[in-house]
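I'd like to walk you through one structure, so please have a look at the picture first.

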Amino acid sequence: MLSLNAIIGFQLIIPAIVVNGEYCPSDPDVISPCSCDGKRIKCVATEPIDLAPIMELLLNGAENRSYETFELMSTAVTKLDAYMFKGVQFNQIILTGCSQLACVHPMAFGGQEASVTRFEATLTNLSSLRGKDCDLFGALSSLTCLESIAIIGSEWTKIPDQAFNNKLGDQVNLTTITFSNGGSGGKLQRIGKEAFSALKALKQLDVSYHNLTRVDDSAFNLSDYIGDGMTINLMGNALTGTSFGGDIVTDGAVTQLKLGANRVLKYLPQNVFKGVFKANKKNTIDLSGDLMEIDLNNKWLVEQKVSLDLNHRLLHAIGADGRPLLSHTIEEMNKPPKY
């Protein structure tokens, strides 16, 4: 038989368990098409779904309730509305196969500011990115505890100018962003001006294997950077020598810029990329898989390979003749450019 102290202790534990997520309705059908295992709320819907009453049922009279994961799989949901979670909090939000989901209200994740650390969207139709009622990046910017974002297989074509903002506070925990398509076929064509400038701690940004043809001014130039350095992966796109705006990286921050497998990237314009090397003496540019032209456009790289220490910082740079680019003489580089 339990002692009186044990019974009292057990009674005190129960409310904490309930409030922190170890709660599911006694009748699981009341939250259909969602399911609950105490840690994860998973909704699988082939018809339009109103999440608000489901969240109210999960609250069950409590002011808030927290779970580890919210996962939505739906071929019918077209929009995530404002304050959709009604006080139910999650550490992770996962959207999978939401093929009709084009719009996310800027306050869709209202109430999740201090809880969500991971956001993932795979095979969605996230195309209406910015407007009064649709602003995916505005919604993500509200999540001030966010640590990672992964958006793979969407229909968007541009990361907007100043995509992220700090209107609700700085995102000092967001270190990893993956927009890679995971292979060829991504549809992103442009990274806007100062797209990531509001992020202070970014370490890994992957926008590889899309169809990027333009990277605007200061795209990766982060204000008041507090991180140790970052890797920016732009491999496997359609970038050329004329694709880049100025001041693209953060002054003073160590940056590894991966530009390999951009098959039409034949030269690095001095007015852009000398600034990349000057921004930090440890910055590197990796050109794996690109064949660089032996001409006046790339002459500056040979001329300044010693002063900029390019033998250690311009990685895997191969000329169109199959020889290492930096092994060419200045005289060999005195050819009119083809591009």
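This is a predicted model: local features need pLDDT of at least 70, side-chain atom pairs count only at pLDDT 80 or more; totals for chains, interfaces and linings use all residues.

Residues are numbered from 1 along each chain as its sequence is written, and side-chain values use heavy atoms, with hydrogens and water left out.

Now the overall view. The protein chain has 6 helices and 19 strands, and its C-alpha atoms fill a box of roughly 90 × 45 × 35 Å along the principal axes. How many of the residues count as buried? Of the 339 residues, 48% do; buried means under 20% relative accessible area, exposed over 50%, and partly exposed in between, using a 1.4 Å probe and protein chains only.

A contact means heavy atoms within 4.5 Å. Taking contacts between residues at least 6 apart in sequence, 75% join residues at least 24 apart.

Next, a few residues, starting with two cases to compare. Is Gln112 buried or exposed? Gln112 counts as buried because its relative accessibility is 0%. You can find Gln112 in the loop between β6 (103–104) and β7 (118–122). Leaving aside neighbours within four places in sequence, Gln112 is in contact with Phe85, Val88, Gln89, Phe90 and Leu143.

Thr255 is in strand β15, residues 255–258. With a relative accessible area of 1%, Thr255 is buried too. Not counting residues up to four places away in sequence, Thr255 touches Met230, Ile232, Val249, Asn283 and Thr284. Thr255 and Phe277 are 22 residues apart in sequence, and their C-alpha atoms are 9.1 Å apart in space.

Now for Pro53, which sits in helix α2, residues 51–59. Why does Pro53 count as partly exposed? Because its relative accessibility is 42%. Between Pro53 and Ile232 there are 42 Å in space, C-alpha to C-alpha, and the two are 179 residues apart in sequence.

Helix α2 also brings us to a pocket: α2 and β4 (79–80) each supply at least two residues of the lining of the largest pocket.

Let me finish with some backbone angles. Most residues other than glycine have a negative phi, and most peptide bonds are trans. Here are some exceptions to look up on your screen. The peptide bond from Ser32 to Pro33 is cis, with omega near 10°. Pro33 lies in the loop between α1 (4–19) and β1 (34–36).

Gln162 is not a glycine, and its phi is positive, near 45°. Where is Gln162? Look in the loop between β9 (158–159) and β10 (176–178). Gln162 is partly exposed, because its relative accessible area is 46%.

Glu194 is not a glycine either, and has a positive phi of about 50°. The place to look is the loop between β11 (190–191) and β12 (204–206). At a relative accessible area of 23%, Glu194 is partly exposed.

Terms used
Helices (H or I, at least four residues) and strands (E, at least two) are DSSP runs, numbered from the N terminus.
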